[in-house]
Amino acid sequence: MAVIKKTPAEIEAMKEAGRISAKVLREAGRIVKPGISTLEIDQFVERMIRMEGGIPAFKGLYGFPGSICASVNDAVVHGIPSASVILQEGDIISIDTGATVDGWVGDNAWTYAVGTISPEKQRLLDVTEKCMWAGLDAARVGNRLGDIGAAVQSIAEAAGYGVVREYVGHGVGRVMHEDPNVPNYGRKHTGLKLDVGMVLAIEPMINMGTHRTKVMDDGWLVCTTDGMPSAHFEKMVAITEDGPVIITTEPDHKRPVG
């Protein structure tokens, strides 16, 4: 495992990619409504990333055709934007997107309600977001990867939910996916020791039912095997001597961890 640590100056440089990624994701959430297609959201996001001075980090990555992954209801991740996928009242949609700026990648995701959703779906979103913040808070010098996973897993499973195993968070830098993998499950005080300069994408993928998933016929879309809804939240964090620093955020939209 070759973990590429970033200098304080490099972490500072990554913040512009983080800012654009966070702003675009927030604005994408604002246009989520019944009747809009996931392709329309994708086109909006691509235009906005480019207007902000970034390059869509997802487009063409491993051959992926979109600037966002758009995953609706029982879809976990990697949904290809489509004119034929029209959001309906009561749906939930995970939008995963990112921007590259000056060679640095920003990566983030959020799950949004489409109109009014059921209390059960709202609870899933609330718990999954809580899992993300707990994972981010555990990204501290001296902790280990298992501490991040355990923080996420304990909250999700206490709520009766399944934690996806096959897809995990990851290091981020000049490419989207760097070492180490960051599972959303694990045991405290186990795994790679966390150190200053690591930049990690922490992204709980939590299912209302089973943790098991399946890849659909297009080779991209991942869904729950039981058809129950799934939620996905993601932010990037830099591990510093002063604690976790969120990279995919905007100056006026920071939420402290710890």
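**Entry 1. A pair within α2.** I began with Arg 50 and Glu 46, which both lie in helix α2 (residues 38-51), 4 residues apart, about one turn of the helix. Helices here are DSSP runs (H or I, at least four residues) and strands likewise (E, at least two), numbered from the N terminus. The two residues form a salt bridge, with the closest N and O atoms 3.1 Å apart. The term denotes a side-chain nitrogen of Lys or Arg within 4 Å of a carboxyl oxygen of Asp or Glu.

I then looked up accessibility, where buried means under 20% relative accessible area, exposed over 50% and partly exposed in between (1.4 Å probe, protein chains only). Glu 46 is buried at 15%, whereas Arg 50 is partly exposed at 45%.

**Entry 2. Basis of the values.** I note that this is a predicted model, in which local features need pLDDT of at least 70 and side-chain atom pairs count only at pLDDT 80 or more, while totals for chains, interfaces and linings use all residues. Residues are numbered from 1 along each chain as its sequence is written, and side-chain values use heavy atoms, with hydrogens and water left out.

**Entry 3. Other salt bridges.** How many salt bridges does the structure hold? I find 13. One of them joins Lys 5 to Asp 195, with the closest N and O atoms 2.8 Å apart. This pair links distant parts of the chain, 190 residues apart: Lys 5 is in the segment before α1 (8-31), and Asp 195 is in the loop between β8 (178-182) and β9 (199-202). Lys 5 is partly exposed, at 42%, and Asp 195 is also partly exposed, at 30%.

In helix α1, Glu 12 and Lys 15 lie 3 residues apart, about one turn of the helix. Their salt bridge has its closest N and O atoms 3.2 Å apart. I also recorded a network of salt bridges that links Glu 16, Arg 19, Lys 23 and Glu 52.

**Entry 4. Packing of α3 and α4.** Helix α3 (residues 119-137) packs with helix α4 (residues 145-158) at an angle of about 160°, their axes 8 Å apart. Axes are lines fitted to C-alpha atoms over the stretch in contact, and angles run from 0 to 180 degrees between N-to-C directions. The two helices are therefore roughly antiparallel, a term for angles over 145 degrees.

I listed the residues in contact (heavy atoms within 4.5 Å). Among them are Val 127 and Lys 130 of α3, and Ile 148 and Ala 151 of α4.

How values were computed. Angles under 35 degrees count as roughly parallel, over 145 as roughly antiparallel, 65 to 115 as roughly perpendicular and the rest as oblique.
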